[in-house]
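Please read them with the structure open beside you.

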Amino acid sequence: MILKGHGEWIASMSYFPDGQRMISGSDDCTSRQWDLKAGKEIEAARYVFKRMVWVVAVSRNGRWVVAGGGDLESAELKAYEVETGIVRTFEGHSCEITCIDISMDNTLLASGSDDETTRIWNLDTGKLVAGPFESIDLVGAVRFSTDSKKLAVKSSVGMCLEIWDVQS
């Protein structure tokens, strides 16, 4: 199966837990949801951004779709509640979102940025619950521990790892 629809290169993708759908983010400033049984885009679930979509993720329970991106002068980070269509916008980063992770219990969102910070947000309220954590370099990856008590942060050039205690 080949899924076509993006007008520019695809930067990120993530499966839904049911394995029947996936989400993708692209340089064409969209995140798109795909029906893998039908082999086509679910157009009603397309979201348009002002800038490139660098990263996408789906929560483990399938409740949330998160997309982030931007450029060197702005950041965009949004979470979409799949059932209701409610959109949460998270503001605080000053340039592109380069990585995201959702906690195992589906309540927290970690975001890393080229502004050299990492932040932790509550998906239900949209509020910042920890951070900003200042890194020594551009942030290349973020991962919650399985108990969501710690957050690992990898620098963009990959020369070090930082481990932060999550206070939520």
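1. Helices (H or I, at least four residues) and strands (E, at least two) are DSSP runs, numbered from the N terminus, and two strands pair if DSSP finds at least two bridges between them. This is a predicted model, in which local features need pLDDT of at least 70 and side-chain atom pairs count only at pLDDT 80 or more, whereas totals for chains, interfaces and linings use all residues. Residues are numbered from 1 along each chain as its sequence is written, and side-chain values use heavy atoms, with hydrogens and water left out.

2. Four strands form an open sheet in the order β6-β7-β8-β9, and their pairing is antiparallel. At its edges lie β6 (53–58) and β9 (87–89), each of which pairs on one side only. On average, neighbouring strands of this sheet are turned by 15 degrees against each other, direction ignored (axes are lines fitted to C-alpha atoms, for helices over the stretch in contact, and angles run from 0 to 180 degrees between N-to-C directions).

3. Within that sheet, β7 (residues 64–71) runs antiparallel to β8 (residues 74–81), and 8 bridges join the two strands.

4. Strand β2 (residues 21–26) has 5 of its 6 residues buried, where buried means under 20% relative accessible area, exposed over 50%, and partly exposed in between (1.4 Å probe, protein chains only). Strand β1 (residues 10–15) pairs with β2 in the antiparallel sense over 5 bridges, and S14 has I23 as its bridge partner in β2. The hairpin of β1 and β2 has 5 residues between the strands, and in this hairpin G19 takes a positive phi near 70 degrees.

5. β2 also pairs with β3 (residues 30–35), again antiparallel and over 5 bridges, with G25 standing opposite S31 in β3. In the hairpin of β2 and β3, where 3 residues lie between the strands, C29 takes a positive phi near 70 degrees.

6. E96 deserves a separate look: this residue sits in the loop between β9 and β10 (97–102). E96 is buried but has no salt bridge, and the nearest side chain of opposite charge, R51, is 8.7 Å away. Lys and Arg count as positive and Asp and Glu as negative, while His and the chain ends are not counted; a salt bridge is a side-chain nitrogen of Lys or Arg within 4 Å of a carboxyl oxygen of Asp or Glu.

7. Not counting residues up to four places away in sequence, E96 touches several residues, including G69, G70, D71 and G112 (contact means heavy atoms within 4.5 Å).
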